Amino acid sequence: MTELATALEQPQFATERDPRLRLIIPIIVAIAFLMEQLDSTIITTAIPAIARSLDTTPVRLNLAITTYILTLAVFIPVSGWFADRFGARKVFALALFTFTLGSALCGMANSFGMLLAMRALQGLGGAMMTPVGRLILLRSFPRSGLITAMTYMTLPAIMGPVIGPLLGGLLTTYASWRWIFYVNVPFGCLGILAALRFVDDFREEAVQRFDFAGFLMVGCGVALLQFGLESIGRPIISVSATALVLAAAILLLLAFGRYARRVVAPAVDLTLFRFRSFWVGTLAGGLCRVGLNGVPFLLPLMLQVGFGMSPVTSGSLTFVGSFGALLIRPLLSPLLRRFGFNVVLIGSAMVGSAAVAGFALIEADTPHWMIGLYVFVFGIIRSAQFMTSNTLSYADLPADKLSRATSLGGVLQQLSVSLGVSIAAMVLGLVAGETHIVTAERFHQVFLLTAVIPLLSIPGFLYLRAEDGVQVSGHVRPGNSRK
């Protein structure tokens, strides 16, 4: 009885047992997230150098980006099951090892085929690393500390695409393209050792049998959808073939929706959408992110192709947005306590839409300090939206749903990034027309058109009630709950 009483008196969360872990665990997870997010963008500035080294064409090297994203999207849904079955610490450390090994082998690649294979290995590690890392954060912090935990998770996702092009340009110019992969190795090794030392090995006592059939449907559906979206932005196959791929993807995902109703433990738990805060945060928030995620893709292109800036100058200006992301982190908790989730989400969507449209006012003769200041402000707005919607998604979920929620949330977050880039690229191609000539005016038109997308998320945010996420935000609006 004494041992039982002692066990019951032990704090449930690791960060309550050891206050040092409030910083250590987020840093471990943030390292993994930053590596994964950097890897999605850092390769873009190095493509010409890699093509020359491996005796291929820059256009063909788009497959190095597509292969990574496809593998990431396909295997994210199984990460939660593996964490429940084998333990979060083991799976997270193994994912870090796989990603780090893939990075080292990418740097050693001496052929185009080897590079693609090792990019797939990286994607496999990244697919497990991101959602399991998110699960570790959610199970290490009490709900009252969830905002702090989620900001650490979201910051790398915001900063990675901004830092990536600048870091890739610097390493390619002053060292070698191989260092864009080698740079991951020391961080990966440090993350593995720290995870094994400080992370609890969460696991479920009873784990349902793995839904292999559902995984195939979701995996193939997501892979085809991702491939189709990538082909819209960077033509890989013909237009008619792309349409067939997207149709097949939609049919597979719809078939899984029907199948999931008849299975006890489907590969992706669609019952999560019964939680209002989850579907508003992931679907409405994801739609808003689609509109905002086009900017990191469009802005460097406009600065370099439209205005003739060098890659280093362009990267330096876009890098400023990461400082805006850092600034908003300590302000988010007070904002949510004062205004609540719905006001912050709706407000950031409206201001974010105006900010995207505002990039159309930037000209070639605009002073660099003004461009940098505007990018800094946009970084604040974008990160406020991302952090708030991500925090809301998991605010009201019961503990037994967290592992499946992080898997599904990871898929939707990945798709929002790719869809944002693909739509921006597609609109850019449409306004350029058959000439394929991209001028500054064309970029201005694309910014104005994509600025509409964040506004489409507002009806979803209006579904929030006063009590949604209140245990996280601490905001209460008496007598204002919707029935």
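This report walks through a predicted model of one protein chain, from its overall make-up to a few single residues.

## The chain as a whole

Let's start with the big picture. The chain is built with 21 helices and 0 strands. Of its 483 residues, 57% are buried. What about the outside? The accessible surface comes to about 20300 Å², and carbon and sulfur atoms account for 68% of that.

Now for how the chain meets itself. Take the contacts with a separation of 6 or more: 82% of them are between residues 24 or more positions apart.

In soluble globular proteins, nonpolar side chains tend to be buried together. In this model, the largest nonpolar core has 81 residues. Which residues have the most contacts inside this core? They are I50, F92, L115, M129, I136 and I180. Helix α7, which covers residues 112–140, gives the most to this core, with 12 residues.

There is also a second, separate core. This one has 46 residues, and F307, A360, F378 and L428 are included in it.

Rolling a probe the size of a water molecule over the atoms shows where empty space is left. The second largest pocket has a volume of about 630 Å³. Its lining is made of 23 residues, and L225, L253, L283, L412 and L415 lie nearest the centre.

Where does the lining come from? Four helices to look for are α11 (212–233), α12 (239–260), α13 (276–293) and α18 (402–432), and each supplies at least two residues. Helix α18 gives the most, with 6 residues.

Is G420 buried or exposed? With a relative accessibility of 3%, G420 counts as buried, because the cut-off for buried is under 20%.

G420 and G291 are 129 residues apart in sequence, yet their C-alpha atoms are 6.0 Å apart in space. Setting aside residues up to four places away in sequence, G420 touches V290, N293 and G294.

Helix α6 covers residues 88–107, and T98 is found in it. The relative accessible area of T98 is 15%, so this residue is buried. Which residues does T98 touch, leaving aside its neighbours within four places in sequence? The contacts are with L121 and G125.

A104 lies in helix α6 too. A104 and M118 are 14 residues apart in sequence and 8.8 Å apart in space, going from C-alpha to C-alpha. Once neighbours within four places in sequence are left aside, A104 is in contact with Y182 and V185.

## D55, out in a loop

Last stop: D55, which lies in the loop between α4 (47–53) and α5 (62–86). Is D55 buried or exposed? D55 has a relative accessible area of 72%, and exposed means over 50%, so D55 is exposed.

The backbone is worth a look here as well. The phi angle of D55 is near 55°, a positive value in a residue other than glycine.

Terms used:
Residues are numbered from 1 along each chain as its sequence is written. This is a predicted model: local features need pLDDT of at least 70, side-chain atom pairs count only at pLDDT 80 or more; totals for chains, interfaces and linings use all residues. Side-chain values use heavy atoms; hydrogens and water are left out. A nonpolar core is a set of buried Ala, Val, Leu, Ile, Met, Phe, Trp, Tyr and Cys residues joined through side-chain atoms within 4.5 Å. Buried means under 20% relative accessible area, exposed over 50%, partly exposed in between (1.4 Å probe, protein chains only). On a 1 Å grid over the protein atoms alone, a cavity is a set of points where a 1.4 Å probe fits but cannot get out, and a pocket is an open set with protein on both sides within 12 Å along at least five of seven lines; lining residues have an atom within 4 Å of a point. Grid points are joined across faces, edges and corners, and a volume is the space filled by probe spheres set on the points. Contact means heavy atoms within 4.5 Å. Accessible areas come from the Shrake-Rupley method with a 1.4 Å probe; for residues, only the protein chains shown count as cover.
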